[in-house]
Amino acid sequence: MVKLHKIVILLFAAAFISACGNNIEVKHFVGVSMPTKDLERWSMDGENLEKQLKKLDYKVSVQYAQNEVSTQVSQIENLIALGVNVLIIAPIDGEALTTVLTQAAEKNIKVIAYDRLIKNTPHVDYYVTFDNFKVGELEGRIIEKGLGLDSGNKGPFNVEIFSGAPDDNNAYFFFNGAMQVLKPYIDAKIIVTPSGQVGWPKYGIEQWSNQKAQERMTNILSAFYTSKKVDAVLSPNDAVAYGIISALKGAGYAPGDSKKPFPVISGQDCDRVNIKAILNDEQTASVFKDTRILAEHAVSITKAIFDGLSPEVNDSKTYNNGVKIVPSYLCEPIIVYKDNIKSALLDSGYYKESDLK
Ligand code: BGC
């Protein structure tokens, strides 16, 4: 009889523990929606988030949307249907998630915008990103220093201006940050733009496509540079820089060439191929945004939400999404030139030396 009692108690205890187990699982489920796996940084972002969230024993599902807005929307719908409690989303088009996030809000799901702001919805709770204006400013500094403008060189220098995807809110900040540095030189005609094509979103490179950047640069070179040479190209990210580099090579530019030396070129993300281009003197520098740190902040906000604490933010004024100011955590970007590749990327374990061979 006593034995039977014990068995019944044990069975009840087992059922209770397993119910709690399920409960924990259901309450700590995070859906991650990234734009694409094609660009190195987003696949590293996805991996970092997954690793760090799993360390906390959260259930995680990471989705990549091949840069297609409709794919991203249906992936988010699926994550909602699967019962996630928190969504971490880097939108492809910051304005295309209003409807799906209303569905998320109906289920009380908290939403963290990751790297890119989600606009036109009240249903975004936090934003983690790098200081995007500063990223643009650093890109402008790469051009300023590369041309020696900060030490008084007066040129005039031929500089072409590239900007990022028209539907990406970040591209607006990158452009404005860079322009804050370059505008005084443009006004003083120390910087001139032979194509006359300056502006975002008008001249933004759709989807940040390196192919589209290559086409635009090739067209500019053949239309405006038959008897001139390019001195610098402002590039908003590494994918675009890669396209620009290919176009320049196609037009006969080469590092150290006496007639057509490579121009000063900026970038962002520190993609492997671009670090190799920096080592080969084809790209001047790239703004480094350590995706591990960004993931850490997204994870710590997620944890605070689960623990019922208030997440740490450090900016409550910059990111107005059209409906509200989204409380944000901004990480600090730095510039990586040839001479700090080792300290910034290798010593920190971001890349192994073999990655850059
Ligand atoms: C990100 C950049 C990235 C670009 C293209 C931007 O929103 O901030 O790091 O290079 O998207 O994916």
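N120 sits in the loop between β4 (110-114) and β5 (126-130), where helices (H or I, at least four residues) and strands (E, at least two) are DSSP runs numbered from the N terminus. Although N120 is not a glycine, its phi is positive, at about 55 degrees. N67, in the loop between β2 (59-64) and α3 (69-82), also is a residue other than glycine with a positive phi, near 60 degrees. Most residues other than glycine have a negative phi, and most peptide bonds are trans. Here, a cis bond joins G155 and P156, with omega about 0 degrees, and another joins W200 and P201, with omega about 10 degrees.

Keep in mind that this is a predicted model: local features need pLDDT of at least 70 and side-chain atom pairs 80 or more, while totals for chains, interfaces and linings use all residues. Residues are numbered from 1 along each chain as its sequence is written, and side-chain values use heavy atoms, leaving out hydrogens and water.

Now to the ligand. Its shell has 13 residues, and the closest are R41, D115, R116, D168 and D269; a residue is near if one of its heavy atoms lies within 4 Å. Both domain 1 (2-124 + 290-332) and domain 2 (132-288) give residues to this shell, so the ligand lies between them; the domain bounds come from an automatic or database assignment. Ligand oxygen atoms are 2.5 Å from a side-chain N or O atom of D269, 2.7 Å from one of R41 and 2.8 Å from one of K289.

Key
Polar contact = N/O pair within 3.5 Å; in protein donor to acceptor, adjacent residues only side chain to side chain.
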